[in-house]
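I opened a new structure today and kept notes as I went. Here they are, in the order I looked things up.

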Amino acid sequence: MQLKTLSGLTPITIVSVAIAPALLSPETKQNSAVANLVENHDTQQYVQETDKSNTIDFTQKLYFQSLLKRWRRETMFLSSTYQIVKHPCFRSIIDMGEQAIPYIIEDLKAAPSTLVWALNEITGERVSHNPNMTIKDVCKRWVRIMSK
């Protein structure tokens, strides 16, 4: 499940209200998009599952997801590996460092993608030096290694 983007609300606002929907003001409840989002059982479950330790983890995941979404949208028709990996959003994911690894692995479990290249840069390691491995095979190997 992905949270909707609501203009004017920061992730911390959504976290606060999703954790405690009773804090919604009457004005906020009139805004059906906000009320529907934060009072939705799936949203509350998502927040609880995502944010077991603290709000920082949740906002980092939202940040990662926004970078990933934009990176995919802006590189989907590119054939140049160089342009794909030099895209500012891809660079920002790498700049997140080890904090991004669980989110990358989660994404790769859902669907293999070139996002796997970020793991090579973050960890400084490669799972194979075989140039004939497919993206799908490399993703499976990373997921297996990181799930141990």
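This is a predicted model: local features need pLDDT of at least 70, side-chain atom pairs count only at pLDDT 80 or more; totals for chains, interfaces and linings use all residues.

**Entry 1: Thr-123**

I started with Thr-123, which sits in helix α9. Which residues does Thr-123 touch, leaving aside neighbours within four places in sequence? I found Ile-101 and Trp-142. The C-alpha atoms of Thr-123 and Ile-101 are separated by 9.0 Å, and the two residues are 22 residues apart along the chain.

Next I looked at what comes after the helix. α9 is followed by Gly-124, and the phi of Gly-124 is positive, near 75 degrees.

**Entry 2: the whole chain**

I stepped back to see the overall make-up. I counted 10 helices and zero strands in the protein chain. From the N terminus on, the elements read α-α-α-α-α-α-α-α-α-α.

How much of the chain is buried? Of its 148 residues, 37% count as buried. I also looked at how far contacts reach along the sequence. Among contacts between residues at least 6 apart, 52% join residues at least 24 apart.

**Entry 3: helix α9 and its buried residues**

I went back to α9, which spans residues 116-123. Which of its residues are buried? I listed Val-116, Ala-118, Leu-119, Asn-120 and Ile-122. These buried residues pack against α7, α8 and α10. I took two of those partners in turn.

**Entry 4: α9 with α10**

Two packed helices are described by the angle between their axes and the distance between the axes. I looked up both values here. The axes of α9 and α10 (residues 135-146) come within 9 Å and cross at roughly 50 degrees. The two helices are therefore oblique to each other. The crossing of α9 past α10 is left-handed.

Which residues make the contact? From α9 I noted Val-116, Trp-117, Leu-119, Asn-120 and Thr-123. From α10 came Ile-135, Val-138, Cys-139 and Trp-142. I sorted the residues of this contact by type: seven are nonpolar, two are polar and none is charged.

**Entry 5: α7 with α9**

I turned to the other side of my list. The axes of α7 and α9 come within 9 Å, with a crossing angle of roughly 45 degrees. That makes α7 oblique to α9. This crossing is right-handed.

On the α7 side I found Phe-90, Arg-91, Ile-93 and Ile-94. They meet Trp-117, Ala-118, Glu-121 and Ile-122 in α9. This contact divides into six nonpolar residues, no polar ones and two charged ones.

**Entry 6: aromatic pairs**

How many aromatic pairs does a search of the whole structure find? It finds two.

One is Phe-64 with Tyr-103. Their ring centres are 5.5 Å apart and their planes stand at 35 degrees, so I logged the pair as tilted. Phe-64 lies in helix α5 (residues 55-75) and Tyr-103 in helix α8 (residues 101-110), so the pair ties together parts that are 39 residues apart in sequence. Phe-64 is buried, at 3% relative accessible area. Tyr-103 counts as buried too, at 13%.

The other is Trp-71 with Phe-90. I read 5.1 Å centre to centre and 35 degrees between the planes, which is again tilted. Trp-71 lies in α5 and Phe-90 in α7 (residues 88-95), so this pair ties together parts 19 residues apart in sequence. Trp-71 counts as buried at 2% relative accessibility. Phe-90 is buried with a relative accessible area of 0%.

**Entry 7: Asp-107**

My last stop was Asp-107, in helix α8. Is Asp-107 buried or exposed? At 15% relative accessibility, Asp-107 counts as buried. Not counting residues up to four places away in sequence, I saw that Asp-107 touches Leu-68, Arg-72, Ser-113 and Leu-115.

Terms used
Residues are numbered from 1 along each chain as its sequence is written. Side-chain values use heavy atoms; hydrogens and water are left out. Rings of Phe, Tyr and Trp (its six-membered ring) pair if their centres lie within 6.5 Å; planes under 30 degrees apart count as stacked, over 60 as edge-to-face and the rest as tilted. Helices (H or I, at least four residues) and strands (E, at least two) are DSSP runs, numbered from the N terminus. Buried means under 20% relative accessible area, exposed over 50%, partly exposed in between (1.4 Å probe, protein chains only). Axes are lines fitted to C-alpha atoms, for helices over the stretch in contact, and angles run from 0 to 180 degrees between N-to-C directions. Angles under 35 degrees count as roughly parallel, over 145 as roughly antiparallel, 65 to 115 as roughly perpendicular and the rest as oblique. A crossing is left-handed if the near helix is turned anticlockwise from the far one by less than a right angle, and right-handed if clockwise. Contact means heavy atoms within 4.5 Å. Ala, Val, Leu, Ile, Met, Phe, Trp, Tyr, Cys and Pro count as nonpolar, Asp, Glu, Lys and Arg as charged, and the others, Gly among them, as polar.
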